[in-house]
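Work through the exercises below with the sequence and the coordinates at hand. Each task is followed by a worked solution.

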Amino acid sequence: MKLYSYFRSSAAYRVRIALNLKGLDYEYVPIHLLREGGEQLKPEYRAVNPDGIVPALIDGDDVLTQLLAIIEYLEETHPEPLLLPKSPSDRAFVRAVAMQVACEIHLLDNLRVLKYLKHQVKVPDEVKDAWYRHWVEAGFETLEKRLAGDKRSAR
Ligand SMILES: N[C@@H](CCC(=O)N[C@@H](CS)C(=O)NCC(=O)O)C(=O)O
């Protein structure tokens with residue numbers, strides 16, 4: 001397998017954690033998100049993932065994108081050790097936590113969103129930074145409440 005990744009990408013981290021927990025070998029292909037305006041935006045990488053974001057995983061002829069889809073793919077193709085719990089209710093809980101990070105926090109603070117705010121909407125840096133802080137804090141505040149208040153998080 002081949003993983004297109006950036007060392008500071010939390011999305012790619014999550015896939016690397018899954019690959020490592022499952023003991024799977026992979027070739028690491030670095031995509032520097034800042035160098036030369038972002039290697040993720042170059043045609044060579046867009047040919048792999050037209051969205052121009054990492055991670056992307058290549059397995060044989062398959063190109064896999066979206067970290068949660070990639071992790072579920074690894075779970076289905078290499079079930080041991082299991083990353084998801086067995087009961088449907090526990091699985092739904094784990095997926096909800098993962099999606100809360102991916103959809104309610106990460107999406108709003110992605111590099112391309114911040115670049116758009118700065119260059120197209122032309123907000124000053126302090127407003128962009130306040131945006132970032134706001135969504136991280138709001139997202140983690142409710143996530144922590146959810147984890148603290150749910151018996152499934154303590155198992
Ligand atoms: N929804 C995507 C998000 C991936 C993502 O946000 N990747 C970031 C790095 S953490 C990225 O490549 N950003 C590049 C950019 O915004 O230009 C997933 O779940 O895989």
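The exercises that follow concern a predicted model and treat a helix pair, a ligand site and a loop residue in turn.

**Exercise 1.** Determine how the axes of helix 1 and helix 3 are oriented, and describe the contact of these helices.

*Solution.* Two packed helices are described by the angle between their axes and the distance between the axes. Here, the axes of helix 1 (residues 10–21) and helix 3 (residues 67–77) come within 9 Å and cross at roughly 5°. Angles under 35 degrees count as roughly parallel, and helix 1 is therefore roughly parallel to helix 3. Next, list the residues: helix 1 contributes Ala11, Arg14, Val15, Ala18 and Leu19, which meet Leu67, Ile70, Ile71 and Leu74 of helix 3. By class, this contact comprises eight nonpolar residues, one charged residue and no polar ones.

**Exercise 2.** Identify the residues that come nearest to the ligand, and state how much of the ligand's accessible area the protein covers.

*Solution.* Of the 14 residues around the ligand, the nearest are Gln40, Val54, Gln66, Asn110 and Arg112. Then examine the backbone atoms. A backbone N or O atom of Val54 is 2.7 Å from a ligand nitrogen atom. For Arg112, a backbone N or O atom lies 2.8 Å from a ligand oxygen atom, and a polar backbone atom of Leu67 is 2.9 Å from an oxygen atom of the ligand. On its own the ligand has 510 Å² of accessible area, of which the protein covers 90%.

**Exercise 3.** Locate His32 and list its contacts beyond four places in sequence.

*Solution.* His32 lies in the loop between strand 2 (27–30) and helix 2 (43–46). Leaving aside neighbours within four places in sequence, His32 contacts Tyr6, Gly38, Glu39 and Gln40. Finally, the His32 side chain reaches the backbone nitrogen of Leu34 at 3.2 Å.

Technical notes: Residues are numbered from 1 along each chain as its sequence is written. This is a predicted model: local features need pLDDT of at least 70, side-chain atom pairs count only at pLDDT 80 or more; totals for chains, interfaces and linings use all residues. Side-chain values use heavy atoms; hydrogens and water are left out. Axes are lines fitted to C-alpha atoms, for helices over the stretch in contact, and angles run from 0 to 180 degrees between N-to-C directions. Helices (H or I, at least four residues) and strands (E, at least two) are DSSP runs, numbered from the N terminus. Angles under 35 degrees count as roughly parallel, over 145 as roughly antiparallel, 65 to 115 as roughly perpendicular and the rest as oblique. Contact means heavy atoms within 4.5 Å. Ala, Val, Leu, Ile, Met, Phe, Trp, Tyr, Cys and Pro count as nonpolar, Asp, Glu, Lys and Arg as charged, and the others, Gly among them, as polar. A residue is near a molecule or strand if one of its heavy atoms lies within 4 Å of it. A polar contact is a pair of N or O atoms within 3.5 Å; within protein, one must be able to donate a hydrogen and the other to accept it, and residues adjacent in sequence count only if both atoms are side-chain atoms. Accessible areas come from the Shrake-Rupley method with a 1.4 Å probe; for residues, only the protein chains shown count as cover.
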